[in-house]
Amino acid sequence: MKNIAVKTGGCTDWNDCGTLNGKTVLLGVTGSIAAYKIASLASMLVKSHANVHVIMTKNATNFIHPITFESLTGNKCLVDTFDRNFEFQVEHVSIAKQADLALVAPASANVIGKMAHGIADDMLTTTLLACRAPVLVSPAMNTNMYENQIVQDNLKTLKSYGVRVIEPATGYLACGDTGAGKMPDPEVLFSHIEAEIACEKDFAGKRLLVSAGATQEALDPVRYLTNHSTGKMGYAIAKAAMLRGAQVTLVSGQTNLMPPLFVETVPVVSAQDMFEAVSRRFTETDILIMAAAVADYRPREFAEQKIKKKEGEPSLALARTVDILGTLAPGKRPEQFVCGFSMETEQLIENSAAKLKKKNLDLIVANNLRTKGAGFGTDTNVVTLIDGAGVRELPVMSKLAVAHRVLDEIISHIS
Ligand code: CTP
């Protein structure tokens with residue numbers, strides 16, 4: 001099995017390291033009230049093990065002090081063109097060379113204008129001009145300024161030079177207006193950075209369909225049958241595949257999880273809804289991973305009105321739901337890869353191997369609900385991978401680590 005460590009720049013274990021381990025991120029902060037939010041972004045990046053350098057324009061220092069960034073990142077925060085580090089390298093060239101990505105956020109109209117026209121009159125603009133890494137810009141300004149044709153033309157120019165512009169959010173702005181021009185939340189900016197540099201894009205060009213969470217089978221307008229699945233495993237797979245460059249669609253039962261950014265999420269309720277959503281997309285899919293806990297039975301009748309209490313012991317008639325994998329996988333094209341999950345409480349290997357064969361799967365990821373560290377709602381899992389080549393038991397791992405190991409397995413099969 002391929003080791004993810006080789007691909008991600010020195011990280012030996014997804015359990016122990018952040019997604020940005022070994023990466024250097026340059027944050028350019030300009031004069032806008034949103035500048036204070038970049039402190040949380042810097043903190044998130046550091047927690048993901050990125051090496052973070054912050055360069056501020058002079059105007060930005062009116063909104064947040066450089067010491068805040070120095071404390072959070074452990075690196076000197078640069079403002080003036082003549083700042084040098086202790087090795088007396090020219091700072092702007094040194095940081096520009098180290099950076100795996102530069103993000104200018106918040107980006108004022110002034111800095112956007114300078115960047116679009118190659119003006120380099122301070123530390124930030126000089127560094128950006130010397131930077132060959134991907135550059136992202138997050139405009140933040142008053143709506144009228146943002147919509148001004150000059151700013152729009154400058155953004156167009158930046159895009160034509162390969163700079164990625166993060167669309168501003170719409171909402172209440174510090175100036176009291178409501179409209180476009182709001183810097184997205186730090187979590188959103190973080191996701192943009194992660195999507196750009198977190199992993200090698202070994203799934204680029206692959207269309208991956210993943211299901212997650214529990215289905216709900218309605219009994220009446222008030223009640224339903226379901227199971228304990230929280231969707232964490234399927235969501236981790238969707239995110240990991242997106243970070244590795246796949247075009248991901250996530251068909252999700254009810255969960256409390258935030259849909260991952262840059263993933264098309266299709267919410268569904270019942271097993272029948274999930275079947276329809278998955279089968280509609282199956283032919284266009286290179287890889288299907290069914291991580292959802294699909295109900296095998298539904299109430300035979302749906303009562304239009306709430307079922308009222310009655311004397312005696314009522315019984316509930318059940319009907320089988322469609323087996324999604326069992327229906328779709330036998331008809332898959334040779335180049336399509338289908339992976340199932342299997343949760344058992346006994347005879348894990350035998351039962352799971354039988355499902356692999358019966359449903360015509362390429363891989364099944366089996367876990368035993370009774371194993372410590374596995375099961376519903378936990379952040380870890382303990383899985384055994386079973387395919388035509390045999391059985392591989394994995395140790396307890398974070399669900400994100402399991403997701404990457406499953407994807408490693410799939411990419412080694414299909415490439
Ligand atoms: N699955 C499916 N459609 C169903 C039930 C399950 O596609 N109606 C998928 C699951 O998403 C999983 C795999 O089949 O990838 C195995 O699911 P599991 O619940 O472990 O097994 P079942 O096939 O339902 O068999 P059993 O409940 O008897 O263990």
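User: Where does the ligand sit, in terms of pockets?
Analyst: The ligand takes up the space of the largest pocket. Bear in mind that the model is predicted.

User: How many residues surround the ligand, and which are the closest?
Analyst: The ligand is surrounded by 17 residues. The closest are Met 290, Ala 292, Leu 325, Lys 355 and Lys 359.

User: How do the residues of that shell divide into nonpolar, polar and charged?
Analyst: The shell around the ligand has 9 nonpolar residues, 3 polar ones and 5 charged ones.

User: Which helix and which strand each supply at least two residues of the shell?
Analyst: They are helix H12, residues 324-328, and strand S16, residues 337-344.

User: And which element gives the most?
Analyst: Strand S16 does, with 5 residues in the shell around the ligand.

User: What lies 2.8 Å from a polar backbone atom of Ala 292?
Analyst: An oxygen atom of the ligand is at that distance from Ala 292.

User: What about Leu 325 and Phe 341, how far are their backbone N or O atoms from a ligand oxygen?
Analyst: For Leu 325, a backbone N or O atom is 2.9 Å from an oxygen atom of the ligand. For Phe 341, a backbone N or O atom is also 2.9 Å from a ligand oxygen.

User: How much of the ligand's accessible area does the protein cover?
Analyst: On its own the ligand has 570 Å² of accessible area, and the protein covers 77% of that.

User: Switching to the backbone. Which residues does the cis peptide bond join?
Analyst: The cis bond runs between Ala 105 and Pro 106, with omega at about -10°.

User: Which strand is Pro 106 in?
Analyst: Pro 106 belongs to strand S3, which spans residues 101-107.

User: What is phi for His 49?
Analyst: His 49 has a phi of about 70°, which is positive although His 49 is not a glycine. His 49 is placed in the loop between helix H2 (38-47) and strand S2 (51-56).

User: What about phi of Phe 262?
Analyst: Phi of Phe 262 is near 65°, again a positive value in a residue other than glycine. Phe 262 is in the loop between strand S11 (247-252) and strand S12 (264-267).

User: Why does Phe 262 count as partly exposed?
Analyst: Phe 262 has 39% relative accessibility, so it counts as partly exposed.

How values were computed. Residues numbered from 1 in each chain as written. Predicted model: local features only at pLDDT ≥ 70, side-chain atom pairs only at ≥ 80, totals over all residues. Heavy atoms only, no water. Near = heavy atom within 4 Å. Polar contact = N/O pair within 3.5 Å; in protein donor to acceptor, adjacent residues only side chain to side chain. Areas by Shrake-Rupley, 256 points an atom, 1.4 Å probe, with all protein chains shown as cover. 1 Å grid on protein atoms, 1.4 Å probe; cavity = no way out; pocket = protein on both sides within 12 Å on 5 of 7 lines; lining within 4 Å. Sits in = over half its atoms within 2 Å of the grid points. Helix = DSSP H or I, 4+ residues; strand = E, 2+ residues; numbered from the N terminus. Nonpolar A, V, L, I, M, F, W, Y, C, P; charged D, E, K, R; others polar. Buried < 20%, exposed > 50% of the residue type's maximum accessible area, 1.4 Å probe, protein only.
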